[in-house]
Amino acid sequence: QTLFFSLDVVELHTRGIDAFSWCAGRCQQFDLMSSRNMARLGDQDFGLASPQASQGSPRAGGQQYILTPSSTPNSPGSAPATSTQQQELDPAQTGYPQSPQFSPLSSSQGGVYVDLPRKEDADSPLVGEPPQRKFGCWQRIFLRHHSERFADHAEITFRSTFVMFVIATPFITPKGTFPKAESWMQQGYYSRNMALLFLFLVDKTLGQTLANSASGSVGIALSLINAALLHALLPGGVTEETPWYAFFAISLHGLSLLWFVLWLNFGMHARIFCLTTFVYHWMDFMNPTKGQCDPRVICGPRLGEIIEIGCACGLALVCNIFPTPTFALRKARMNARDLTASLTRAWTDFSAYFCGSQPSDYRQDRLVADLQKVRETLESIDGHLVNSWYEFGWLGSVRNVRNSLARLRRALQEGSDRLFCMWNTCLQDSFGGLHDDLMPRVWPHVNRVLFESSRLLAHCTEVACGGRVFDQEEPALRDAAERTRAAVAALTAKFRESKTALGIEGVSQEVLDEQNFLVHTCAFGRLAAELAEDLLAQKGSLRPLPAADYPASFFDRAVLADRAHLSFVVRGFITIILAILVGIFGNSKSMIKYDAGAAAFVALFLRKSVSAASVRNLQRLRGVIIGTVSGHVVYSMVGWCTWWGYFCTSISLFLWVGASLFQHHDLSRVGSGVAVGHSAAGASVGLLSAYFGSSGMMEQCTAEVYTVLDVLGRSYFTIINSLVAVFLCFGVDSLVAPETASQLAARAYGDVCLCISGALSGILDPRVLEVRLHSSECARRLRIAEAMGHQAEREPRYWRLPWRSALFTDAVQSAARLRMSLCGMECSVIEGNRFGAGKSEKVRRLTSLPSFAAVRRVVQEKMEHVEELLDAAISQETGEVMRALGNPQLKRNFIAEYMRAIQAFTIDANRLPEMTFDKTAGNSLENDVAAQASLILSCVASMVAEAQALQGSVMQRAL
C-alpha cells in the first residue's frame with residue numbers, strides 16, 4: 001500500500017499537481033490514506049470534480065463525487081431550478097418536451113416523489129460531460145493531450161527503445177570500453193539473445209509484462225529441465241554407437257514435450273520460449289558428429305540462459321516502472337471512470353432524445369459516439385482486470401479493488417446492454433400521438449432517476465477504485481441508494497397515473513416503445529442502487545463480492561477440448577517436426593546440417609489463427625529479411641571506430657528499433673487491455689524487424705573496409721532458415737487446416753445465430769424455467785466472426801467466387817443489433833431481477849397464452865429462414881444459382897403476420913386481471929406485467945424487422 005501511495009504521489013507531481021499540499025489537507029480529514037484517495041487528487045485528470053460537501057441535506061457528513069458539468073439535473077441545457085424558482089425549458093434550444101401546461105418541477109405532476117428540487121442541485125452539475133484532464137510535461141512529450149492511443153504506443157516504444165539501446169551499447173562500442181560486459185559475453189552470460197527476450201517480454205502495462213515474464217520463464221524452465229534430463233539419461237548425447245532403442249526413447253521424449261507444450265493452456269510466450277530453446281538443445285543432443293562433451297563443464301543447458309531470461313525480465317519490469325509506473329490496475333480504474341462518464345451521458349442523451357417532441361440530431365450524434373466508446377472500454381477493462389492479478393493481486397488491498405471493479409463492471413455491462421436495447425428498439429419510434437402526451441408527463445421523473453443514478457454510479461466508481469467504503473462516506477452512499485430507489489418509485493407511480501389519465505389500459509401497441517424505455521430506466525436506477533448496497537454489504541462483511549477473473553489454468557478443459565485449439569496443436573506439431581527433419585537432412589552447402597534454425601523460426605511464427613496464413617507468414621518473412629539486410633547495410637556504411645561512426649550507429653539503432661516497435665504496438669492488440677491468455681499470435685513483423693535489424697547493427701566497430709556482401713554472408717543461413725520456416729508453415733496450414741478462412745467465418749457466424757436463436761427460444765418458450773444470460777457469449781462469438789470475416793477478405797480465392805465482404809459485414813452488424821434486443825429481454829424476464837432465480841412467473845403466464853404461440857412461431861420461422869438464406873449466400877463458392885432463392889418463404893410477409901399475431905395477443909393479455917391491477921407490481925415498472933409484456937413485444941418486433949432488413953440485404957448482395 002505504501003508503494004502504491006508513493007508512486008501515485010510521484011505521478012501526481014509529474015502531472016503538475018501539488019501532491020504534498022493535498023496530502024497534508026486530506027490527512028486532517030482521514031486517518032487512513034488509500035490508493036483511492038490518491039486517485040481522487042487527480043479529479044481533473046480522471047474527469048471528476050473535486051468533492052464538495054453537501055449542506056442542507058442528509059449527506060452533509062459525507063462527500064459527493066460527481067462528474068464535470070454540462071447542464072443542470074432538472075433541466076438539461078438550462079439554468080438550475082430550485083424549490084422557489086421554476087424555469088420553463090426552451091425546446092428550441094434543448095430539444096426537450098415542453099407544453100404550456102407542463103412544468104418540469106410541478107408538484108402536482110410529481111407523483112409520490114417529494115422534494116423534487118434540492119438546494120444542492122443548484123450547485124451540482126449533471127453527470128456525464130467529457131472530463132477535463134490536465135497533462136503534465138511527461139504526458140505532453142508524447143502528445144497525450146492530442147491522442148491517448150498514440151501516446152500509449154509512443155511512450156512504451158520510447159521506453160523499450162531506450163532499454164534496447166542500453167543492451168546494444170557494449171556491442172557497438174570499442175573493445176575495452178565495458179570490460180565487465182565483455183567478460184560476461186565470453187562466459188555466455190550476455191548475448192544478443194537477451195535483446196530478443198526483452199522485446200518479447202516488454203508490454204504496455206506492468207501487469208501484462210509480469211504475465212509475459214512469468215509465461216516466458218515457465219517456457220525457459222521447461223526447456224532447460226528437459227534438456228538437462230536428456231543429458232542425465234544419456235551423457236554426451238547421441239553417438240554412432242548409441243543403440244536404436246535409446247535413440248527411439250530420446251526421440252519420443254522430445255516429441256512428447258513438443259506435443260504437450262502446444263496442447264496445454266500455456267501462454268504463447270511460454271510456447272515460443274520453450275520451443276525455440278529446446279529445439280537447439282535437442283538438435284545438438286542428437287548430432288552424432290559434434291564430438292564428446294567435455295566432462296569438466298556442464299553439458300547441455302548453460303547457466304547463461306537462466307541469467308539472460310532473468311536479466312530480460314528485470315529490464316522489462318524496469319521499462320514499465322520508470323520514470324512512471326504503468327499499472328494495469330490503474331488502467332482499469334481509468335477505464336472504469338471513463339466508462340461511467342460515457343454511459344451516464346449516453347443515458348441522459350438518449351432520454352432527452354426519446355422524451356422530446358422532436359428528434360435532436362446533435363444529441364443523437366453524440367449518443368452514437370458515446371456508445372462506441374462504451375463498447376471499446378468494456379472490451380479493454382476485462383483484460384486489464386485479469387492482467388492486474390499479476391500486480392500483487394493476491395494481496396488483500398489489491399484483491400478488494402479488483403473485486404469491486406469487477407462488480408462495477410458487471411453493473412455497467414448490464415446498463416450498457418439495456419441502453420443498446422433501447423437504442424435498437426426505440427429509435428424507430430415515430431413521435432406523435434400518445435408519445436407526445438405521455439412523455440412530457442413523466443420526463444421530470446425520468447430525468448430525476450437518471451440524475452440520481454448517475455451521481456450514485458459516479459460515487460460507486462470512486463469506491464470501487466479504492467476497494468473499500470470509508471466510515472465517513474457510508475451514510476452518504478446509503479442515502480444516495482435510497483434516493484435512487486425513491487426516484488424509481490416516483491417514476492413508476494407517475495407513469496401509472498399518466499396511463500389512467502390518458503386512458504391507456506394494459507398492453508397498448510401505441511406505447512410499446514415508451515413502456516420499454518421506462519422499464520429500462522427503472523432498471524438503470526435499480527442497478528446503481530444494488531451496486532451501492534453490495535459495496536456497503538462488503539464493508540460490513542455481510543456479503544462478500546464475487547471474485548474477479550484470474551488467469552486460466554494450464555489444464556483448462558474448455559481450452560484443451562476446443563476444436564480450433566486442437567487444430568493449432570496439430571498444425572504446429574507437424575510443422576516443427578518437418579523443420580527438424582529439414583535441419584537433420586539438409587544439404588551442407590546451402591544449409592548447415594543438424595541446424596535447428598528453421599524449427600526455431602517455426603516456433604516464432606506460431607499463431608492460432610489459420611486464416612490468410614500466406615499473407616501473415618509473408619509479412620513476417622518481410623520483417624526478417626528487411627531487418628537483417630537493413631541492419632548489415634547500416635553497419636557496413638557507418639560501423640567505423642570514429643566518433644561520427646559511433647554517433648551514426650547509435651542514432652540508426654535507436655530510430656530503427658523505435659520505428660519497428662511502434663509498428664508492432666500500433667498494429668497489434670497485445671497489451672491494449674487483452675488478457676495474457678487471449679494473445680493468439682506469435683511474433684509480429686515489427687518485432688522481428690526490430691530484433692534482426694538491431695542484431696545486424698550490434699557489432700564491434702572496425703577500421704577495415706567491409707562490403708555488404710562481406711557482412712551479410714554471416715546472415716545467409718538466417719535468411720534461408722526463415723524462408724524454409726515460412727514455406728513449411730504455408731504448406732501445413734494449407735493442407736492440414738480442416739477449413740478455409742471463409743468457411744471458418746461462415747461457421748463462426750452460424751454459431752452467433754445459433755446462440756441468438758437458442759436464447760430467444762428460451763425466453764419465448766413457457767416450458768423453459770431457467771434463463772441463462774447469453775450477452776457475453778454472443779458478444780464473444782460475434783467478435784470471432786468479425787475477425788474471421790476480415791481474414792477471409794485477404795484469403796486467396798483462386799477458382800472460387802470472390803468473398804462477399806459487404807454482405808458479411810451487414811450480417812455481423814445485423815447480428816449485433818439482434819443481440820441488443822435479446823439482452824434487453826434476458827435481463828427483464830428474470831424473477832425478481834436476481835440472476836439464477838429463474839424465469840418470472842408473470843412472463844411464463846404471458847407466454848403460455850394460446851395467442852402468443854402464433855407470435856413465437858412467426859419469430860422463430862423468420863429467424864430460421866434468414867439464417868438458412870444467409871448461410872447459403874456466404875458459403876456459395878461457385879457460380880451456380882443458389883437453391884435458397886427458390887424458397888417460397890421469400891414471398892411470405894412475416895411482418896404482417898407478426899402484426900396480426902400481436903394484435904390477437906394484446907386482446908388476450910388485456911383480459912388478464914393483473915393487467916388492470918397488479919398487487920405484486922411493487923414500486924418499479926420492472927415488475928409490472930403490462931410493462932413486461934410491452935418490452936417483450938417491442939424487442940421481438942425489432943428482431944423481426946431486423947431479420948427482414950437482413951433478408952433484403954442478402955437478396956441485393958447475392959443477386
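Glu-510 sits in the loop that joins α18 (474–502) to α19 (512–539); helices here are DSSP runs of H or I with at least four residues, strands are E runs of at least two, and both are numbered from the N terminus. Keep in mind that this is a predicted model, where local features need pLDDT of at least 70 and side-chain atom pairs count only at pLDDT 80 or more, while totals for chains, interfaces and linings use all residues. Residues are numbered from 1 along each chain as its sequence is written, and side-chain values use heavy atoms, with hydrogens and water left out.

**Glu-510**

- Glu-510 counts as exposed, at 57% relative accessibility. The cut-offs are under 20% relative accessible area for buried, over 50% for exposed and partly exposed in between, using a 1.4 Å probe and protein chains only.
- Gly-433 is 77 residues away from Glu-510 along the chain, yet their C-alpha atoms are separated by 8.2 Å.

**Helix α30**

- Helix α30 covers residues 805–828, and at 1.5 Å a residue its 24 residues should span 34 Å. The expected span is 1.5 Å times one less than the number of residues.
- The end C-alpha atoms of α30 are 35 Å apart, which agrees with that expectation.
- Most of α30 is covered, with 18 of its 24 residues buried.

**How α16 meets α30**

- Helix α16 (residues 396–426) packs against α30 at an angle of about 120°, and the two axes are 8 Å apart. Axes are lines fitted to C-alpha atoms, for helices over the stretch in contact, and angles run from 0 to 180 degrees between N-to-C directions.
- That angle makes α16 oblique to α30. Under 35 degrees counts as roughly parallel, over 145 as roughly antiparallel, 65 to 115 as roughly perpendicular, and the rest as oblique.
- The α16–α30 crossing is left-handed, meaning that the near helix is turned anticlockwise from the far one by less than a right angle; clockwise would be right-handed.
- On the α16 side, the residues in contact (heavy atoms within 4.5 Å) include Phe-420, Cys-421 and Trp-423. Among their counterparts in α30 are Met-820, Cys-823 and Cys-827.

**Cysteines**

- There is one disulfide by the rule used here, which asks for a pair of cysteine sulfur atoms within 2.5 Å.
- The pair is Cys-641 and Cys-701, with sulfur atoms 2.2 Å apart.
- The torsion about the S-S bond is about 100°, so the disulfide is right-handed.
- Cys-641 is partly exposed at 37% relative accessible area, whereas Cys-701 is buried at 14%.
- Cys-823 is in no disulfide, and its nearest cysteine sulfur, in Cys-827, is 6.4 Å away. For Cys-827, that distance is too far for a bond.
- Cys-823 is buried, with a relative accessible area of 1%, and Cys-827 is buried too, at 7%.

- The peptide bond from Phe-322 to Pro-323 is cis, with omega near 0°. Pro-323 lies between α13 (303–321) and α14 (328–355).
- Leu-143 isn't a glycine, but has a positive phi of about 60°. You'll find Leu-143 in the loop between α6 (137–141) and α7 (148–172), partly exposed at 37% relative accessible area.
- Phe-392 also has a positive phi, near 60°. Its loop runs between α15 (361–387) and α16, and Phe-392 counts as partly exposed at 40% relative accessibility.
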